[in-house]
Amino acid sequence: MPISILNGLRAGLILCATALVTTAMAADTGTVHAPGGANRGTYFDYMKTVYAHAGLPFLIQVPITAFDSNYQLHGLAAESWEQSGDQLTWTFHLRDGLSYTDGTPLTAHDYVFALQRAASQGYDFGWYWSGAGVVNWAGVESGALPPEDLGVSAPDDLTLNITTSAPRPFLPSVVSLLFPVPRHVVEKLGDDYALNADTIPATGPFRIESWDRGSNVVTYARNESYTGPWTANVDRVITDPSVSSPEVALPAFMAGEVDFTILNAGQIPFAQQRFPDQIRFNAVFATSYLAFDPEIAPFDNPLVRQAFYYAIDREELTQTVLRNLAIPAGSILPPNFPGYDEGVAGQAVFDPERAKALLAEAGYPGGEGFPEIEVYFRVQGGYNGVISAPMLQYLQAQFAETLGVHMELRLMPLPDWQQAMADRTNGLFLAPYEADYIDPSNFYGLFHEGGRHHYDVASYDALVDEADAESDWDKRVKLYADAEQVLIDEALIVPLVHPVQMYVVNQRLSGPSVEANAIGMTPMDQQRTYFYTHVKAE
């Protein structure tokens, strides 16, 4: 990453949106044409499946809280909240007057039902709520306890209580991904209610106007019955997964078919020259890392894992094949993210001689006798789709040169990748992760027992548990740093890069969604509820 860009990332010197170059656009006034949206999903229900949902369900259902483009937390369904004296229960007070588009009032019971249903149905995002410490999540998930024993309740229609097994000062951030499920519809139609636009009542700022199940092109219309904060400023949003990749989306942008697109490395110089005032920059709160299954050979040997950690020239990677697309990652936390520690990040150095010595000590001098390995990575759009393949091709060459190790690349659909990790069918994964909420607990929960990976490191878990429960911020941060040091010492993760994004945006879009935030970044659709409710289209 060029030093000028890195300094801009940290100091917030990226230019704000100003005058925009004229670009032809055939779209009608009041409509945003957006690339992306899930292209293979089935259920239009985020509380049914996170990794295989259709469309953008977070536009049609109102979460308890949400983050704006400056990463500040706001109440959406909730107007206030407080923590109990023993710090184990959070109470959220919902806004009166919210309702589904079928006229049914939205109540706290719909959020209770959403979590009980998720826990009892094998939710593919269950680790998120388990990490949040919701009482009896594991018991309900395993079937040992009934859903009613989950630590969530609604003493009345406008009060939601969530009880955790230990203090969780960050829970108001966690519930930014808690959406209601219409129990009155599910009881009639079952989960299949979320397969048809006509049977999905909305509670959020948009409703589904049309949904082409074949192409997954979705038209969202402003929900006129929505009375909460962040009402829509546009009449419609149309998302099209067929133009998710920048290779397709930039020509579509230039033809006036979409209003913005992320850019790949080859497109950036052209776009900067052609549309200099329409470029937007964002440092994503995300990390791409190599994850191991420590019980599968040869990665059951910590010396092998350590060799991989030191065998990567992250500076060269981000200055060549990922130039303008990523910065080096030394920590699981990105720069500027709360809790980021330079001391932790600074340990991830390129040391080829040390890497070779570690591999030799593991019994594979010069890679001799080392088995062929595969790294699994997943099909996806956005910034991960731009960086994953070239990054792995670079690593493939570097591991061969530095370690004498041959690594094959296997691309697979997201559900297959997820299942392979769950079933432990491979020892090496490229694992991208973007923050779901703005707190270090979100990242560190990935590696806790019961988290995303099959890690069971008692010392790490104890430090994370202590940090999660600590209300003093400085003490929390120190505990998280100590926990990450355990991961580094055990070489259980290999941080690679933190993605950055460059977009080109049509001049007809305006509003805070497409303007730089307080640190000079434009998150665009990373905070999607905020983005699509605060964008305007002329």
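Visitor: How many aromatic pairs does the structure hold?

Guide: The model is a predicted one. A pair of aromatic rings is described by the distance of the centres and the angle of the planes. For this structure, the number of aromatic pairs is 37.

Visitor: What kind of pair do phenylalanine 44 and tryptophan 211 form?

Guide: The ring centres of phenylalanine 44 and tryptophan 211 are 5.0 Å apart, and the planes stand at 70°. Planes over 60 degrees apart count as edge-to-face. The pair of phenylalanine 44 and tryptophan 211 is therefore edge-to-face.

Visitor: How many residues apart are the parts of the chain that this pair links?

Guide: Phenylalanine 44 belongs to the loop between β1 (31-35) and β2 (65-67), whereas tryptophan 211 belongs to strand β8 (residues 206-212). Both phenylalanine 44 and tryptophan 211 are buried. The pair links distant parts of the chain, and the separation is 167 residues.

Visitor: Which residue lies over the face of tryptophan 211?

Guide: A charge sits over a ring only if, among other conditions, its atom is within 6 Å of the ring centre. Here the distance from the ring centre is 5.0 Å, and the residue is arginine 213.

Visitor: Phenylalanine 285 and phenylalanine 337 also form an aromatic pair; how many residues apart in sequence are the parts it ties together?

Guide: This pair is edge-to-face, with 5.1 Å from centre to centre and 85° between the planes. Phenylalanine 285 and phenylalanine 337 are both buried. Phenylalanine 285 lies in the loop between β12 (279-283) and β13 (286-292), and phenylalanine 337 in the loop between β14 (326-328) and α11 (342-345), so the parts tied together are apart in sequence by 52 residues.

Visitor: Is valine 535 buried or exposed?

Guide: Valine 535 is found in the loop between α18 (528-534) and β20 (536-537). Apart from residues up to four places away in sequence, valine 535 touches several others, including Val32, Asn233 and Leu509. Because its relative accessibility is 0%, valine 535 counts as buried.

Visitor: Where on helix α7 do its buried residues lie?

Guide: The buried residues of α7 (residues 246-254) are Pro246, Ala249, Leu250, Ala252 and Phe253. Among the elements that cover them are β1, α8 (268-274) and α13 (382-403). Seen down the axis of α7, these buried residues fall within an arc of 165°, so they line one face of the helix.

Methods. Residues are numbered from 1 along each chain as its sequence is written. This is a predicted model: local features need pLDDT of at least 70, side-chain atom pairs count only at pLDDT 80 or more; totals for chains, interfaces and linings use all residues. Side-chain values use heavy atoms; hydrogens and water are left out. Rings of Phe, Tyr and Trp (its six-membered ring) pair if their centres lie within 6.5 Å; planes under 30 degrees apart count as stacked, over 60 as edge-to-face and the rest as tilted. Helices (H or I, at least four residues) and strands (E, at least two) are DSSP runs, numbered from the N terminus. Buried means under 20% relative accessible area, exposed over 50%, partly exposed in between (1.4 Å probe, protein chains only). A charge sits over a ring if NZ of Lys or CZ of Arg is within 6 Å of the ring centre and within 35 degrees of the ring normal. Contact means heavy atoms within 4.5 Å. The arc is that of the directions from the helix axis to the C-beta atoms.
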